[in-house]
Amino acid sequence: MSCDFLALAQPGVQQLSPYVPGKPVDELARELDLDPAGIVKLASNENPLGPSPRVLEAIRAELPELTRYPDGNGFELKQRLAARYAVAAAQVTLGNGSNDVLELVARAYLAPGLNAVFSAHAFAVYPIVTQAVGALGKVVPARDWGHDLDAMLAAIDQQTRVVFIANPNNPTGTWFDSEALARFLAQVPQDVLVVLDEAYIEYAEGGELPDGMTFLQAHPNLLVSRTFSKAYGLAALRVGYAISSAQIADVLNRVRQPFNVNSLALAAACAALDDTEYLAASREANSRGMRQLEEGFAALGLEWIPSRGNFIAVDFARDAAPIDQALLREGVIVRPVAGYGMPTFLRISIGTQAENARLLEALRKVLAR
Ligand SMILES: *Cc1c(COP(=O)(O)O)cnc(C)c1O
């Protein structure tokens, strides 16, 4: 007789649902017998510009070294990040995507009997990394779809070791300002690690969003995570990082896999950091695309949550699943967010002008039925 190996998994893991990624283009093409070239994917907050030529060149230069292990300490990339943020290289943690850094935090600081506080409608990885190590996720109700920082403060108890906050948040796109962050950090107990996830910070314009890095010195319990997956356009390579106190970085370094960031990713990230033109183009395309989509949604009579990311959560005011299905049949992939407690919404990533136009046209057709 075979055992029930689900029942044998630790309770936190039994209660997890696997992360649901955006549907891959080739999968939809197979399912509906469509030409993959005609499919538009606006489901994973990917950079629509394609990779930067400078990044491709850096990767090509690295290829002859493919038989070697990568630099396990990521010396060059850490040096560059340290210089950029005026911190010591010992304060930098590199990750196989910033998801990896979030997991390192959970493995190092959470355990059964302890908890992490995060918001409703927050990034799906927070509950995954928390429950995976047997800790409890304390989910705090949102206010106007965004983080209710006061309620999050109130949720912190003796067993809380970590608070995850995202600015802007995914999938809602909501954000908080510098004053709100300062007030929050001033009140969080000093033995609670605040993980400030700034995956979309490069898209923020005009100082509307605080730069988490400027709070590090005054708050040794703060860790700021960022990624090369979004504005830098390196999602496939999996590379992200955190800046924290050197002591926290040392702790995270103890639990990471020895070669957690591969050599192509390291080379690409170094090249991407210097590529100010690509970053400016990413921002510019995003702002333009955001306006294009907002105008299009308004013309369709739709409501959305104002966003500072590279995506918008649109409210259809009814079950959005049939709309998602109809869009798929039009060859447009967006992201259902029912799993985030937002069943009437779809999250739509900002694409190229042509992709955005395709999405709006498909929506118009679908909603007219
Ligand atoms: C996309 C995203 C990340 C980045 O993930 P990577 O592992 O770096 O690709 C982190 N946090 C949030 C909120 C995100 O949306």
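Select W304 first: in this predicted model, W304 stands opposite V314 of β10. Next, display the two strands around this pair. β9 and β10 run antiparallel and are joined by three bridges. β9 spans residues 303-305, and β10 spans residues 311-315.

Four strands make up an open sheet, ordered β9-β10-β13-β12, with antiparallel pairing. The edges are held by β9 and by β12 (335-336); each has a single partner strand, so one side of each is left without a neighbour in the sheet. In general, the strands of a sheet pair through backbone hydrogen bonds, in either a parallel or an antiparallel manner.

Now colour the chain by domain. Domain 1 comprises 19-50 together with 277-368, while domain 2 covers 53-274. Their centres, taken over C-alpha atoms, are 26 Å apart. With both domains shown, turn to the interface, where 23 residues of domain 1 are in contact with 26 residues of domain 2. The two domains bury about 2200 Å² between them, and 63% of that area is on carbon and sulfur atoms. To see the leading contributors from domain 1, select L279, R308 and Y340: these supply 30% of the area that domain 1 buries against domain 2, more than any other three residues.

How far apart are the closest N and O atoms of the salt bridge between E208 and R308? The separation is 2.8 Å. The count of salt bridges between domain 1 and domain 2 is one. Polar contacts can be displayed as well: ten residue pairs are in polar contact across the interface of domain 1 and domain 2, with both residues of each pair at pLDDT 80 or more.

The largest share, six residues, comes from α11. Coloured by class, this side of domain 1 has eleven nonpolar, nine polar and three charged residues.

The peptide bond from N167 to P168 is cis, with omega near -5 degrees. Within the loop between β5 and α8, select P171 as well. N170 and P171 are joined by a cis peptide bond, and omega here is about 15 degrees.

The last stop is D33, in the loop between α2 (25-32) and β1 (40-41).

Key: Residues numbered from 1 in each chain as written. Predicted model: local features only at pLDDT ≥ 70, side-chain atom pairs only at ≥ 80, totals over all residues. Heavy atoms only, no water. Domains from an automatic or database assignment. Contact = heavy atoms within 4.5 Å. Buried area = accessible area lost by both parts, 1.4 Å probe. Salt bridge = Lys/Arg side-chain N within 4 Å of Asp/Glu carboxyl O. Polar contact = N/O pair within 3.5 Å; in protein donor to acceptor, adjacent residues only side chain to side chain. Nonpolar A, V, L, I, M, F, W, Y, C, P; charged D, E, K, R; others polar. Pairing = 2+ DSSP bridges.
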